[in-house]
Amino acid sequence: MSNTKKNSNTSCVSPILRIDQVAELLGCSIKHIHNLQKAGKLPPRIRVSDRIIGWRENEIEAWLSSNREEDSDD
C-alpha cells in the first residue's frame with residue numbers, strides 16, 4: 001500500500017535543473033543566472049547533495065511564464 005503512494009508522489013516531482021540548463025532555458029549566460037539569484041529574482045535553489053544544487057523545473061517555468069506576462073502588460 002505504501003508503494004502506491006510513493007510511486008504516485010514520485011511521478012509528481014519536478015526534475016532538478018542545473019545552472020547551465022537554467023541558463024539555456026532562459027536564453028542567457030550562467031553569469032546572468034548568478035546575478036538574478038543574488039538579486040533574489042529567481043525561485044529558491046534546491047540542494048540535492050554537497051556538490052549538486054539546482055532549481056525545480058516547474059518553478060523555473062512558472063517564474064518564466066510570470067515574467068513573460070509582466071513584460072506583455074507593459
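Read from the N terminus, the elements of the chain follow the order α-β-α-α-β-β-α. That makes 4 helices and 3 strands, where helices (H or I, at least four residues) and strands (E, at least two) are DSSP runs numbered from the N terminus. The model is predicted: local features need pLDDT of at least 70, side-chain atom pairs count only at pLDDT 80 or more, and totals for chains, interfaces and linings use all residues. Residues are numbered from 1 along each chain as its sequence is written, and side-chain values use heavy atoms, with hydrogens and water left out.

**The chain as a whole**

- Of the 74 residues of the chain, 19% are buried; buried means under 20% relative accessible area, exposed over 50%, and partly exposed in between, with a 1.4 Å probe and protein chains only.
- The accessible surface of the chain is about 5,800 Å², and carbon and sulfur atoms hold 48% of it; such areas come from the Shrake-Rupley method with a 1.4 Å probe, and for residues only the protein chains shown count as cover.
- Contacts (heavy atoms within 4.5 Å) between residues at least 6 apart in sequence join residues at least 24 apart in 44% of cases.

**Strands**

- Strand β1 (residues 16-17) and strand β3 (residues 53-56) run antiparallel and are joined by 2 bridges; two strands pair if DSSP finds at least two bridges between them.
- Within this pairing, Ile16 has Arg56 in β3 as its bridge partner.
- Strand β2 (residues 46-47) is also joined to β3 by 2 bridges, and these two run antiparallel.
- Here Ile46 stands opposite Gly54 in β3, and a hairpin of 5 residues joins β2 to β3.

**The nonpolar core**

- The largest nonpolar core has 11 residues: Leu17, Val22, Ala23, Leu26, Ile33, Leu36, Leu42, Trp55, Ile60, Trp63 and Leu64.
- At least two residues of this core come from each of α2 (19-26), α3 (30-38) and α4 (57-73).
- A nonpolar core is a set of buried Ala, Val, Leu, Ile, Met, Phe, Trp, Tyr and Cys residues joined through side-chain atoms within 4.5 Å.
- Setting aside residues up to four places away in sequence, Val22 touches Leu17, Ile33, Trp55 and Ile60.
- Leu36 lies in helix α3 and counts as buried because its relative accessibility is 11%.
- Beyond its neighbours within four places in sequence, Leu36 is in contact with Lys41, Leu42 and Trp63.

**Helix α2**

- Val22, Ala23 and Leu26 are the buried residues named for α2.
- They sit on the same side of α2 because they cover an arc of only 100 degrees around the axis; the arc is that of the directions from the helix axis to the C-beta atoms.
- Gly27 follows α2, and its phi is positive, near 70 degrees.

**Ser14**

- Ser14 is in the loop between α1 (2-10) and β1, and it counts as buried because its relative accessibility is 10%.
- Its side chain reaches the backbone nitrogen of Glu57 at 3.2 Å.
- A polar atom of the Ser14 side chain lies 2.8 Å from the backbone nitrogen of Asn58.
- Not counting residues up to four places away in sequence, Ser14 touches Arg56, Glu57 and Asn58.

Terms used. Polar contact = N/O pair within 3.5 Å; in protein donor to acceptor, adjacent residues only side chain to side chain.
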